[in-house]
Amino acid sequence: MGGVSPVTSHVLDAARGTPAQGVPITISYASTSQAAATGLSKVLGSGVTNSDGRCPTLLDPTHVLQPGVYTVRFDIKTYFALHGEKAFYPFVDVTFEIDTVAPHYHIPLNLAPYSYTTYRGS
């Protein structure tokens with residue numbers, strides 16, 4: 001791999017105390033929050049978390065981020081179905097807005113069947 005995606009993610013299963021392997025993730029972009037809120041976002045990339053719960057290939061490493069609104073969607077229903085469980089939250093959207101573009105953004109997610117938390121990682 002010649003580089004790292006400008007947006008990466010790490011998903012941990014807090015109930016099991018393990019990385020969450022097999023979580024499908026997509027990332028979309030809209031130029032404004034109004035466009036994002038009205039469904040005018042464009043899907044930029046997708047991936048699935050690896051054995052360490054990470055998705056380092058969400059975007060091509062050469063992708064240039066633009067100011068705007070990004071949504072990282074975690075398909076939690078698919079993940080819990082792999083473990084024979086139902087998901088209260090079928091998906092989790094983490095939406096963030098950037099005005100000044102940094103070279104890298106890390107979007108972690110801690111999940112459990114009835115809760116989730118996120119934060120801006122490094």
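Reader: Quick one on the lining of the largest cavity: how do its residues divide into nonpolar, polar and charged?

Author: This is a predicted model, and in it that lining has eight nonpolar residues, one polar and no charged.

Reader: Which residues line the largest cavity, then?

Author: The lining is made of I76, F80, Y89, V92, L111, A112, P113, S115 and Y116.

Reader: OK, switching to confidence. What's the mean pLDDT of the chain?

Author: The chain's mean is 93, with 98% of its residues at 70 or more.

Reader: Where is confidence lowest and where is it highest?

Author: Helix α1 (residues 33-37) has the lowest, with a mean of 92, while strand β2 (residues 18-19) has the highest, at 98.

Reader: Now the open sheet. In what order do the four strands come?

Author: They run β4-β3-β6-β7, and the pairing is antiparallel. β4 (42-48) and β7 (92-98) are the edge strands, so to speak: each of them pairs on one side only.

Reader: How many degrees are neighbouring strands turned against each other?

Author: On average 20 degrees, if you ignore direction.

Reader: Let's stay with β7. How many bridges does it share with β6?

Author: Strand β6 (residues 68-74) pairs with β7 over seven bridges, in the antiparallel sense. Among the residue pairs, Y70 is opposite F96 of β7, and V72 has V94 in β7 as its bridge partner.

Reader: Which β7 residues are on the covered face and which on the uncovered one?

Author: V92, V94, F96 and I98 make up the covered face, whereas D93, T95 and E97 are on the uncovered face. In a regular strand, side chains alternate between the two faces of the sheet. From the covered face of β7, V92 also turns up in the lining of the largest cavity.

Reader: Last topic: where does S41 sit?

Author: S41 is in the loop between α1 and β4.

Reader: Why does S41 count as partly exposed?

Author: Because its relative accessibility is 30%, and partly exposed covers what lies between the buried cut-off, under 20%, and the exposed one, over 50%.

Reader: How many Å apart are S41 and I27 in space?

Author: Their C-alpha atoms are 9.5 Å apart, and in sequence the two are 14 residues apart.

Note on methods. Residues numbered from 1 in each chain as written. Predicted model: local features only at pLDDT ≥ 70, side-chain atom pairs only at ≥ 80, totals over all residues. Heavy atoms only, no water. 1 Å grid on protein atoms, 1.4 Å probe; cavity = no way out; pocket = protein on both sides within 12 Å on 5 of 7 lines; lining within 4 Å. Nonpolar A, V, L, I, M, F, W, Y, C, P; charged D, E, K, R; others polar. pLDDT = per-residue confidence, 0-100. Helix = DSSP H or I, 4+ residues; strand = E, 2+ residues; numbered from the N terminus. Pairing = 2+ DSSP bridges. Axes fitted to C-alpha atoms, helices over the stretch in contact; angles between N-to-C directions. Buried < 20%, exposed > 50% of the residue type's maximum accessible area, 1.4 Å probe, protein only.
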